[in-house]
Structure formats: structure tokens, C-alpha cells
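Let's take a walk through this protein together, one stop at a time. Have the sequence and the 3D view open as you read.

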Amino acid sequence: MKFQLFCALFSGAQAFGSARRLYHGRLAMALASTGDAALDERYATIAAAQPRQQAKYLEWVKSGAVDGPALEKMANDLGLELDVESGTVSYGPGGPLDPKLSFDLMYVRHGKTTGNTEPRVYQGYCDEPANALNDIGLRQADEAADKLDALGLAPDLVVLSPLARAADTGKTWLKRHPELDAVTEVWDSSHEMAFGNWDNVMVKDLEDDHIGHLFYLAQNAVVKASDTYPLMPDAPIENFVEVLVRMRGLLDDLESRMKPLAESSGKRPLVLMYGHSMAGAAIGFLTGEGKVVDGEKFLGFDGKYILPNATPVYLYKK
């Protein structure tokens, strides 16, 4: 019955086949073992409820809780396409647009935290003790610093997220290079996606049919919390489309800063940014580094498509 309900959300034989492939593919991803039998069973139950999550999501969309046409326009303005019914984002027929940045951008996601260790939480715009680097994360930060030293980089600007887990990952390397103090800045706009009242909630604790599960099971860029994070009532609430818009603004601000330097020096400046998984994925979408979901046309930002912890990667380089 669950699978039949899922299939009923799509019309036509082609859509039926696509839906079946998506469901089983995501179910397999969700069933990757955590090493905890009880937790694995809980995640399996959640994954099996994806048809009910999708049905509830479509009811939420139809209720007017989200402005689908406005979100589609936001995506289109970024050179992307949004399918509101599935919540997925893809590149247009011509492929990704080149943002034509005058600088190269290297990105380092923060090291591991308690929040992204099983049982994991929605870890976004929150900065509590559970979101700090744990012992593994501290070790990863050192390893990332070693990798950067091996590359012999001399960034023209180092951007730190205002959230401690990313800033502390960066400071591990910066402590070795006091000469970079003058070009190191904290940019508030580089913070992680703001999950609202989903922030710091364990994934396993949401109801089986909660639409929030579609964020990681279905790469749904539209789902969004209904209220703010209790410990930060003035914090924003975002879906992934809105993170894409914010990251486009960040890239524009970086271009404004770096273009004069590029013109005066005759070389491409290097920006090194320490940030997060969803914020980094959004930048990757915008710079043509988005990862297409296996066997599909839309892009992935969570699960197997997430940026690795504390690993320097170029998100834009010419």
C-alpha cells in the first residue's frame, strides 16, 4: 500500500518508473548501517515511510504554506530549475552557468561534531556545545591544516563562518600562519542553512511521516520548518533554495572585493573559505560543481553527495 500511494503521486508510465527507481534508490541510501541495530531499524522505518512523507509534502505545498512560483523564479534567476512537486533542483538544458568569477575559491567544510555523529541531528544555524568539534573533528582540523600546508597556499582572503565548528577548523591552520591575520575575516552571510525548529533535533526523533525527512531522503530543496530555533528566536528559517540565493549574494560580494585585486595584480586571487555542508553544496551548485544524483537529472546536496569533513576542495578554479 505504501508503494502504491507513492506511485499515485505521479502520472504516466514514465513517471511511475522514475518514482519506483527513486524510492528504492533512496531507501538503499537510508539503510546504510550505522553499527547500531536499533538505530538502523529506526532509519529503515523512516525510509519506508517516504511515500507518506511525499503525500504530506504535496498537501503542504497545496495548502499555500510555500510560494512555489516564487521559488521557481529564484532558482531560474540562478540558472537552475526547480521542480516544486518533487522539490528537486537541476541544471538547465545548457548545463551549469559559469559565474565568471575573477578569483579561485577553495572551500573547507568543518570537522566532525557530535551533531553529525550518529544519531545525527539537523545541524544548521546553531552553535551549542553539541555543535562544537569533537575529538575526531579536532584531529580532522589538524589533518586539513597539514593538507593546506602541503599545497603551499597563500590566500588573498580567508573567510570564516560565524559558527564555531567552521571557524575553529580554520583557526587550526591559521594559528600556524599569523601572517594571514590581516586577510582573515568572519562573514556572517557564510553561515550554515538555518533549519529553524528542526535545528539540533535528532533525525530519528521526527515523526515517521514528517516532511523534514525528504530533505535528506529525496534531496528536497523546498521543505522548510514552520518555526524558529527556540534558542535563537530571531534567527532566520530557510529551505535549500533560499540558501542558494544567499550563497549567490555571498559570491557577488566576494567578486566585488576580489575583482579590483585581480585587475591590479594581473593574477587570480585565492579565497579560502571555512564553512559547512549545505552552504558549501549551494556554492557548488552555483559554480558548476553540483553533483547529479545517480541515475537522475537533479542535483544532490545531502547523504552521499555531501562535502567531506575538513577536506580542502576547489569549488571554483580557472
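Is G170 buried or exposed? G170 is buried, because its relative accessible area is 0%, and anything under 20% counts as buried. Keep in mind that this is a predicted model. To find the residue, look for helix 7, which covers residues 164–174 and includes G170. Once you set aside residues up to four places away in sequence, G170 touches L160 and Y274.

How far can you trust what you see? The protein chain has a mean pLDDT of 91, with 90% of its residues reaching 70 or more.

L160 stands opposite Y274 in strand 6, and strand 4 (residues 157–160) is joined to strand 6 (residues 270–275) by four bridges, with the two running parallel. Strand 4 also pairs with strand 5 (residues 184–186), again in the parallel sense, this time over three bridges. On that side, V158 has T184 as its bridge partner in strand 5, while V159 stands opposite E185.

Which way do the residues of strand 4 point? L157 and V159 point one way, V158 and L160 point the other way, and all of them are buried.

Next, look at a pair of helices. As a rule, two packed helices are described by the angle between their axes and the distance between the axes. Helix 3 (residues 37–48) and helix 4 (residues 50–62) have axes that come within 5 Å and cross at roughly 50 degrees, which means that helix 3 is oblique to helix 4. Where they meet, I46, A47 and A48 come from helix 3, and Q50, P51 and Q53 from helix 4. The residues of this contact are four nonpolar and two polar, with no charged ones.

Q53 has another partner to show you. H210 is in contact with Q53 and W198, leaving aside the neighbours of H210 within four places in sequence. You'll find H210 in the loop between strand 5 and helix 8 (213–217). Is H210 buried or exposed? Its relative accessibility is 16%, so H210 counts as buried.

Last, a few spots in the loops deserve a look at their backbone. Start with P119, in the loop between strand 3 and helix 6 (135–151). The peptide bond from E118 to P119 is cis, with omega near -5 degrees.

Then there is Q219, which lies in the loop between helix 8 and helix 9 (240–265). Its phi is near 55 degrees, a positive value in a residue other than glycine. Q219 is at 3% relative accessibility, so it counts as buried.

A310 has a positive phi too, at about 45 degrees, although this residue is not a glycine. Look for A310 in the loop between strand 8 (299–300) and strand 9. With a relative accessible area of 2%, A310 is buried.

Note on methods. Residues are numbered from 1 along each chain as its sequence is written. This is a predicted model: local features need pLDDT of at least 70, side-chain atom pairs count only at pLDDT 80 or more; totals for chains, interfaces and linings use all residues. Side-chain values use heavy atoms; hydrogens and water are left out. Buried means under 20% relative accessible area, exposed over 50%, partly exposed in between (1.4 Å probe, protein chains only). Contact means heavy atoms within 4.5 Å. Axes are lines fitted to C-alpha atoms, for helices over the stretch in contact, and angles run from 0 to 180 degrees between N-to-C directions. Angles under 35 degrees count as roughly parallel, over 145 as roughly antiparallel, 65 to 115 as roughly perpendicular and the rest as oblique. Ala, Val, Leu, Ile, Met, Phe, Trp, Tyr, Cys and Pro count as nonpolar, Asp, Glu, Lys and Arg as charged, and the others, Gly among them, as polar. pLDDT is the predictor's confidence in each residue, from 0 to 100. Two strands pair if DSSP finds at least two bridges between them.
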